[in-house]
Amino acid sequence: MKIIINNITDFNLKYTLESGQSFRWNLVDDAYFGVVEEQIIKIQQNNDTLIIHSSYDKDKDSFKSYLHHYLDLHRDLANILNAVNIDAYIAQAIDMFWGMRLLNQELWETIASFILSQNNNIARIRNIIRTISMRYGQKLEYQGYVDYTFPNPKTISDAGVDAIFDCGTGYRASYLWNAAYNVDSGKLSLDTLKQMEYVDAKIELMKLEGIGEKVADCICLFSLGHLQALPIDVWIKRIFEQVYLRKRATPQQIRDFAKNYFGEFVGYAQQYLFHYAQNQPDWDNAEHLALTL
DNA sequence: TTCCAGGAGAGAG
DNA sequence: CTCTCTCATGGA
């Protein structure tokens, strides 16, 4: 199936797919290939046009609508970025990565991915997810690109914790297995989670072993569409301590300040700051401090 | 080779 | 409540 989305505004495919919120996209020549739910999707951006090919072969209109939502195109990004563009520092980040959007990804895979993300780096997270998918997912092939679906909770639950450990997950194996078991057994309802408000969804997610505030916020932000969520990882912590607060701060202090300072779209502000910091080649000696307010 | 990563849990103070 | 230690692993 081929879908063209014309006249898109304020969207940058590269920044969106390479900003550490999804671990499943690969650049092949000028196109991004990835697995979304049960199909391979190929996306190319040509200015204000998205050219999308997919192994999906059912209803075209609903799939187009799904992609629109997945890529967050239903939001007015310019309005959001203007709202959080309130100082010289974030202005740099916004200017450099204009068009980067927060994805709305499939919930179970997002839960699993960010359980695996703790105390881990992006390159290795991608490798672990690929290994789990190769071993326990369903093989897909489209236009010569081969990849695998991410296994559902039942498959992971049935595979057992040792099998998950053997995929290179380290000590996180029991966390992932436990989450899969809870979802598969109905103890945690994904549908219910999708209906909840931000705070309730976060609390519900944190009942799972291995999900603390940071991972819960990632799931809320990258899957559930809660833009108030503020994942505080080592990068975000560094930015707020060194640029904004200019002192050591607990996650709660950072959260209180950031929500008051950036407002309801703090999650979007966070994504720009995170990606900007990650692309500073030498943070410790960078001139980011001089740019401050 | 050593350091570190989209952290969380347990225990101590 | 806040610190500290530990947990596997491999990319850089």
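Reader: Which residues surround DNA strand C?

Author: This is a predicted model. A residue is near the strand if one of its heavy atoms lies within 4 Å. The residues around DNA strand C are N119, N121, A123, R124, N127, F165, G170, Y171 and R172.

Reader: How do the residues of that surface divide into nonpolar, polar and charged?

Author: Gly counts among the polar residues here. The surface near DNA strand C then divides into three nonpolar, four polar and two charged.

Reader: Which helix gives the most to the surface near DNA strand C?

Author: The helix in question spans residues 122–136. It supplies three residues to this surface. It is α6.

Reader: How far is the side chain of R124 from a base oxygen of DNA strand C?

Author: A polar contact needs N or O atoms within 3.5 Å. N121 places a polar side-chain atom 3.3 Å from a base nitrogen of DNA strand C. For R124, an N or O atom of the side chain faces a base oxygen, and the distance is 2.8 Å.

Reader: Which part of DNA strand C lies 3.4 Å from a polar backbone atom of Y171?

Author: Y171 uses its backbone here. The partner on DNA strand C is a sugar or linking oxygen.

Reader: Which strands stand at the edges of the five-stranded sheet, and why is one side of each left without a neighbour?

Author: The sheet is open, with antiparallel pairing and the order β1-β5-β4-β3-β2. Each edge strand has a single partner, so one of its sides has no neighbour in the sheet. The edge strands are β1 (2–5) and β2 (25–28).

Reader: What is the average twist from one strand to the next, and at what angle does helix α2 lie to β1?

Author: From strand to strand, the twist averages 25°. Helix α2 (residues 60–70) packs on the sheet and touches β1, β2, β3, β4 and β5. Its direction and that of β1 make about 50°.

Reader: Which residue of β5 is the bridge partner of I41?

Author: Strands β4 (residues 39–46) and β5 (residues 49–54) run antiparallel, joined by six bridges. I41 has its partner in β5: S54.

Reader: Is A229 buried or exposed?

Author: A229 sits in the loop between α12 and α13. It touches residues including Y198, C220 and V266. Buried means under 20% relative accessible area. A229 has 0% relative accessibility, so it counts as buried.

Note on methods. Residues are numbered from 1 along each chain as its sequence is written. Chains are lettered from A and ligands numbered from 1 in the order in which they are written. This is a predicted model: local features need pLDDT of at least 70, side-chain atom pairs count only at pLDDT 80 or more; totals for chains, interfaces and linings use all residues. Side-chain values use heavy atoms; hydrogens and water are left out. Helices (H or I, at least four residues) and strands (E, at least two) are DSSP runs, numbered from the N terminus. Buried means under 20% relative accessible area, exposed over 50%, partly exposed in between (1.4 Å probe, protein chains only). Contact means heavy atoms within 4.5 Å. Two strands pair if DSSP finds at least two bridges between them. Axes are lines fitted to C-alpha atoms, for helices over the stretch in contact, and angles run from 0 to 180 degrees between N-to-C directions. A polar contact is a pair of N or O atoms within 3.5 Å; within protein, one must be able to donate a hydrogen and the other to accept it, and residues adjacent in sequence count only if both atoms are side-chain atoms. Lists of a residue's contacts leave out its neighbours within four places in sequence.
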